Amino acid sequence: MSVKSRIEYKLTEALSPERLEVINESHLHAGHQPGFTGAGETHMRIRIVSARFDGVSRVARHRMVNDLVKDEFDAGLHALAIETAAPGEPVRW
């Protein structure tokens with residue numbers, strides 16, 4: 001199973017999102033470090049709308065997501081951009 005698929009599964013199971021996008025942005029970071037070609041699944045962006053975020057601060061939302069994908073960092077995920085919203089909150093995406 002890919003990193004993207006594992007992240008989608010974990011977030012879906014725990015947060016029952018109304019909307020979820022997990023985007024592999026590794027290719028955007030090619031050349032940022034010697035020898036890094038941008039291949040693989042090292043840099044991800046998560047965009048998620050979930051009722052579980054209603055009344056929860058932005059920091060707490062990010063902690064919730066990070067806690068759920070901690071194993072992915074241990075397995076090689078390098079960077080994660082997180083965009084969260086509760087239903088009805090405006091988003092730029």
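Modeller: Let us begin with Leu11. Contact means heavy atoms within 4.5 Å. Beyond its neighbours within four places in sequence, Leu11 touches Ser16, Pro17, Leu20, Ile46, Ile48, Val65 and Leu68. Please note that this is a predicted model, in which local features need pLDDT of at least 70 and side-chain atom pairs count only at pLDDT 80 or more, while totals for chains, interfaces and linings use all residues. Residues are numbered from 1 along each chain as its sequence is written, and side-chain values use heavy atoms, with hydrogens and water left out.

Colleague: What is the mean pLDDT of the chain?

Modeller: pLDDT is the predictor's confidence in each residue, from 0 to 100. The chain has a mean of 88, and 84% of its residues reach 70 or more.

Colleague: How many residues does the largest nonpolar core have?

Modeller: A nonpolar core is a set of buried Ala, Val, Leu, Ile, Met, Phe, Trp, Tyr and Cys residues joined through side-chain atoms within 4.5 Å. Buried means under 20% relative accessible area, exposed over 50%, and partly exposed in between, with a 1.4 Å probe and protein chains only. Here the largest core has 15 residues, and Ile7, Leu11, Ile46, Val65 and Leu80 have the most contacts inside it. Helix H1 (3–15), strand S2 (43–49) and strand S3 (79–85) each supply at least two of its residues; the largest share, four residues, comes from H1. Such helices (H or I, at least four residues) and strands (E, at least two) are DSSP runs, numbered from the N terminus.

Colleague: In what order do the strands of the sheet stand?

Modeller: Strands of a sheet pair through backbone hydrogen bonds, either parallel or antiparallel. Two strands count as paired if DSSP finds at least two bridges between them. In this model three strands form an open sheet in the order S1-S2-S3, with mixed pairing. Strand S1 (19–24) and S3 each have a single partner strand, so one side of each lacks a neighbour in the sheet. S1 and S2 pair in the antiparallel sense over six bridges, and Arg19 stands opposite Val49 in S2.

Colleague: Is Asn66 buried, exposed or partly exposed, and which residues does Asn66 contact?

Modeller: Asn66 lies in helix H2 and is partly exposed, with a relative accessible area of 32%. Leaving aside neighbours within four places in sequence, Asn66 contacts Phe73, Leu80 and Ile82.
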